[in-house]
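Thanks for coming, everyone. Please have a look at the model on the screen, and then I'll talk you through it.

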Amino acid sequence: MTTESTLRFGAQTDEGTSLLRIVNLVRTGAAITRPELGKLTGLGRGVVSQRVDQAIKMGFLADGEFGTSSGGRQPRTLRFCAEQGMVVVCALGALHVRVGIAGLDGDILEHMHRSWDISRGPEETIDMVISMVDDLLEKGNKQPVWSVVVGLPGPVDFLTGRPVAPAIMPGWNDFDVLTPFEERYDAPVWVDNDVNLLALGECARRRDVPTDLIYCKIGLGMGAGLLSEGRIHRGANGAAGDIGHVRVAGSEALCRCGKIGCLEAVAAGWALVRDAELAIGQGAKGPLASRAGKAPLIPEDITLAAADGDPLAIALIRKSAQAAGEAISALVNMFNPGVIVIGGVMASAGEVFLSEVRQRIYELALPLATRDLIVLQSPNDEREPLRGGVELARQQLFDVTFPRWFAHGRPSPEGVKATA
């Protein structure tokens with residue numbers, strides 16, 4: 001319920017700012033009792049009690065169990081009411097779609113997967129994705145949707161939510177992705193590159209410390225998500241991290257983007273399938289050739305054949321890893337991350353792939369940039385992009401736009417866009 005008093009909290013007043021901070025301190029677990037809130041905010045006991053009472057009335061906080069006594073009576077803990085709304089995440093890949101719903105605390109409640117070719121176009125794809133979301137919401141607890149996040153396998157203008165010249169998404173360029181979801185769920189919508197969601201998922205794993213991290217996805221296509229102190233660097237037009245189109249010296253391979261010698265045309269899954277089919281056509285034998293005789297090859301066939309010891313598959317995996325490692329080493333010199341996470345279907349080959357990437361990075365990057373660098377494989381969990389989408393929603397709702405909609409009790413498309 002919105003009252004005259006709560007309406008004031010939409011403005012940047014001392015009262016509103018302190019109330020917002022108290023809610024966020026409890027939400028993040030930085031402070032869970034009134035005395036702890038007083039220590040962190042510098043507010044007096046009476047002011048803290050007033051702010052907490054108001055936050056409870058508005059439905060953001062609730063009393064929890066009694067905490068541990070430090071000499072006096074046990075303090076009552078506080079908890080953030082994560083159950084008051086849900087986040088919907090739609091993670092679209094080149095050949096599949098994953099959707100999930102989560103609470104405001106980030107826990108994935110339900111999710112589903114479907115094979116889908118994104119080249120079928122935006123209208124048909126979005127209709128199908130909305131149908132999947134509706135099916136999940138029917139299973140849920142009927143809480144209102146507070147946010148929708150859509151991940152796309154290509155560059156995205158984050159401010160408008162529109163794809164920008166995506167190489168593998170014909171018909172998607174400058175398409176309005178936001179409006180169909182806003183109209184369906186009456187909730188703010190954020191659209192981002194799929195690798196950025198994966199990077200944010202890794203950020204959530206390291207919530208206790210600011211994270212400088214690069215997530216490199218090497219699958220059917222290629223891309224990188226760049227995290228600086230836990231924040232995504234997207235670039236002026238959403239093209240930051242598009243390493244798939246870095247030029248590989250000496251390569252004359254034709255890329256899907258129309259240019260010659262792109263990294264993707266050498267190291268991505270589709271390029272390895274091309275090279276494998278060429279080698280098999282020239283007489284190469286082994287487990288991979290046997291697979292090719294039964295059905296059209298896919299990148300997963302190459303990684304599985306490499307695990308079986310197939311020489312051709314291993315050679316292709318190493319070629320991909322060496323080219324990728326060289327490009328990543330340039331990012332290491334420029335960006336100086338503390339962690340590099342390698343994901344995607346090619347990385348599922350494990351140490352055969354990862355060891356080559358590490359070797360190239362440490363060989364080519366500056367010693368200072370690699371002194372404390374950790375290079376590791378992404379967890380093989382299909383829910384990773386969903387977790388990253390929830391992290392994006394939580395950042396946007398509570399770190400960026402919270403003052404704009406706080407007084408209304410829940411976010412709306414118009415509320416998050418209003419000036420603070």
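This is a predicted model: local features need pLDDT of at least 70, side-chain atom pairs count only at pLDDT 80 or more; totals for chains, interfaces and linings use all residues.

Residues are numbered from 1 along each chain as its sequence is written, and side-chain values use heavy atoms, with hydrogens and water left out.

Helices first. They are DSSP runs of H or I, at least four residues, numbered from the N terminus. Take α9, residues 269-281, and α12, residues 311-335. Their axes come within 11 Å and cross at roughly 145°. Axes here are lines fitted to C-alpha atoms over the stretch in contact, and angles run from 0 to 180 degrees between N-to-C directions. Which residues of α9 and α12 make the contact? From α9, Leu272, Asp275, Ala276, Ala279 and Ile280. From α12, Leu312, Leu316, Ile317, Lys319 and Ser320. Contact means heavy atoms within 4.5 Å.

Now the cysteines. There are 0 disulfides in the structure. The rule is a pair of cysteine sulfur atoms within 2.5 Å. Cys255 is buried, at 5% relative accessible area. For Cys216, the closest cysteine sulfur is in Cys203, 16 Å off, again too far for a bond. Cys216 is buried too, at 0%. On those words: buried means under 20% relative accessible area, exposed over 50%, partly exposed in between, with a 1.4 Å probe and protein chains only.

Last, salt bridges. The count is 24. The rule is a side-chain nitrogen of Lys or Arg within 4 Å of a carboxyl oxygen of Asp or Glu.

Asp399 pairs with Arg27, with the closest N and O atoms 3.5 Å apart. Asp399 sits in α15 (residues 384-400) and Arg27 in α2 (residues 14-28), so this pair ties together parts 372 residues apart in sequence. Asp399 is partly exposed, at 42%. Arg27 is buried, at 15%.

Next, Arg184 and Asp134, 2.4 Å from N to O. Arg184 is in α6 (residues 178-185) and Asp134 in α5 (residues 122-139), so parts 50 residues apart in sequence are tied together. Arg184 is partly exposed, at 48%, while Asp134 is buried, at 19%.

One more pair: Arg291 and Asp308, 3.4 Å between the closest N and O atoms.

Methods:
Helices (H or I, at least four residues) and strands (E, at least two) are DSSP runs, numbered from the N terminus.
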